[in-house]
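Have your viewer open and your selection tool ready. We will go stop by stop, with a word at each on what to pick and what is there.

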Amino acid sequence: MTTTLNNATAPNSQDYGGDEISALVLDPGYSVTRGGFAGEDVPKSVIPSFYGIIPSGAGPKYLYGENAVHTPLPNIQVGNPVSQNGVVEDWEAATQLWEYAITSRLTNIKPSNPLTNGLNDKTDDLKQDMEGVEMQERPLEENPLLMTETGWNTGKGREKPIEIAMENWGAPAFWLARSGVLSAFSAGKPSALVIDVGASSTSITPVHDGIMLKKGTLRCPLAGNHISDQLRLIFSTSPSIPLMPHYLINSKTPVDAGAPSQASYRTFQPGSEPRPSFRALQEERVLTEFKESVVAIWNPGRLGGHNQHGGTNLDSARTQNTKSFEMPDGYNQLFGVERYRATESLFDAKMALSDASHPAPTPNQTLPQVIGQSLSQVDVDIRPHLLSNVVVVGGSSLIPGFNERLKQELETMYPGPRVRIFSPGSVVERKFSGWIGGSILASLGTFHQMWISKKEYDEHGPGIVEKRCK
């Protein structure tokens, strides 16, 4: 029989062993927020980290979930509580977004107030009774919560989640874990160099005996969004390729490759058009489809270099197989060297396209250079072990050729040690590696000693996270 936890007492070892509890794991990211029960293989709740905002006379209305941010409602704009570097900037929005991720799929939604549902007369007795219910009904009263964080999270960014979990959601226990360590854990490696290529950034996390080496933990700004920016620049060059999001298309007629599109477009009442932030998110969906089906990474050598026959790799890329892609408005084209050009600046800054809005990265910001900076901060004796246990995760690492090119770059930089790349073959495991590591960790019977209880939180305050969650 499952034991109900009282959030006013310290965790009991018998309550926290094996299958006796249903701990929740929440893994917030810049693009997607993942939530689910510990011990399960995949997160049940996967929602966009973006949210919709509808202006109204009574104040803005906030909308969460897949449908909310992709439906072109009048005047809708899109926000994100997480900044490009993976740190929360808007805690109020983050709290509501995370609570939606938990209550929409994992726990029951709190009952609505009968005073405001139009079915009851307003009486003082009912008001007093409902106040008691609202105090009792909180989404995590029976579920400890494990949350993930970036390796460069701030002090406030570490303390605020436990404050939300304990005070807003009534969690009986809490733990905060570094996503890089959890990714190594999901790969079954106590020591590893974890390279997590996400949407807004790539994190480089050296892990030794299950502990993150903070000095060597670095953020690289080149990741999925950078590839999207490169694609926008490629599409804007002559001949320009229209980037029309799906929601603007009413109908389309098939056309030959390279021919102008023949589509009818959706119109909106003046003053009711979705805001530019909404369109930018919808354009990003099209770019994501393009990245998943067309984009690749050049191998061997660098795209801007020469091959063994004396020619340039750019010329060789032009002879490779092309791939076709159809835009939402019906425009379609075969893409050749553009497939590789969009990703080359991840490894070679000289190949980056740039304009006033998208400055070129510096050589020190490329993946090989940031990895080199990370390894230079760790003990020289453990570098060979880290290089032989490189764990590659993150949705943007799924681009064909990524692992092979990364291995080639590392072997060029470190010709002595053996470089071995470990990367989950499953798309789900690659995208959700941090969550899966948290699911494994929180389900271990031996982990019950690690939880920060509500009693400890009441005694020491949110600062206990800095002391306990190293």
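Start by selecting strand 4 (residues 51-54) and strand 6, an antiparallel pair joined by three bridges. Within this pair, Tyr51 has Gly79 of strand 6 as its bridge partner. Helices (H or I, at least four residues) and strands (E, at least two) are DSSP runs numbered from the N terminus, and two strands pair if DSSP finds at least two bridges between them.

Before going on, a note on what is on screen: this is a predicted model, in which local features need pLDDT of at least 70 and side-chain atom pairs count only at pLDDT 80 or more, while totals for chains, interfaces and linings use all residues. Residues are numbered from 1 along each chain as its sequence is written, and side-chain values use heavy atoms, with hydrogens and water left out.

You have an open sheet of three strands, ordered 5-4-6, with antiparallel pairing. Strand 5 (61-63) and strand 6 (77-79) are at the edges with a single partner strand each, so one side of each has no neighbour in the sheet. From one strand to the next, the twist averages 35°; axes here are lines fitted to C-alpha atoms, for helices over the stretch in contact, with angles from 0 to 180 degrees between N-to-C directions.

While you are here, click Asn75, in the loop between helix 1 (66-70) and strand 6. Asn75 has a positive phi of about 60°, although it is not a glycine. Most residues other than glycine have a negative phi, and most peptide bonds are trans.

Two more stops belong with this one. Asp209, in the loop between strand 10 (202-208) and strand 11, also is not a glycine and has a positive phi of about 55°. Pro300 sits in the loop between helix 7 (276-293) and helix 8 (313-318), and a cis peptide bond with omega of about -10° joins Asn299 to Pro300.

Next, select the six strands of another open sheet, ordered 3-2-1-7-8-19 with mixed pairing. Its edge strands, strand 3 (45-48) and strand 19 (452-453), each pair on one side only. Strand 2 (residues 32-37) runs antiparallel to strand 3, with four bridges between them; Arg34 has Val46 of strand 3 as its bridge partner.

Which helices lie across these strands? Helix 14 (residues 433-443) lies across strand 1 (24-28), strand 2 and strand 7, at about 155° to strand 1.

Finally, colour by pLDDT, the predictor's confidence in each residue from 0 to 100. The chain's mean is 90, and 89% of its residues reach 70 or more. Residues 114-120 fall below 50 and have nine contacts beyond near neighbours in sequence, a contact being heavy atoms within 4.5 Å. Residues 129-135 are also below 50, with seven such contacts. Where pLDDT is low, the predicted coordinates should not be read in detail.
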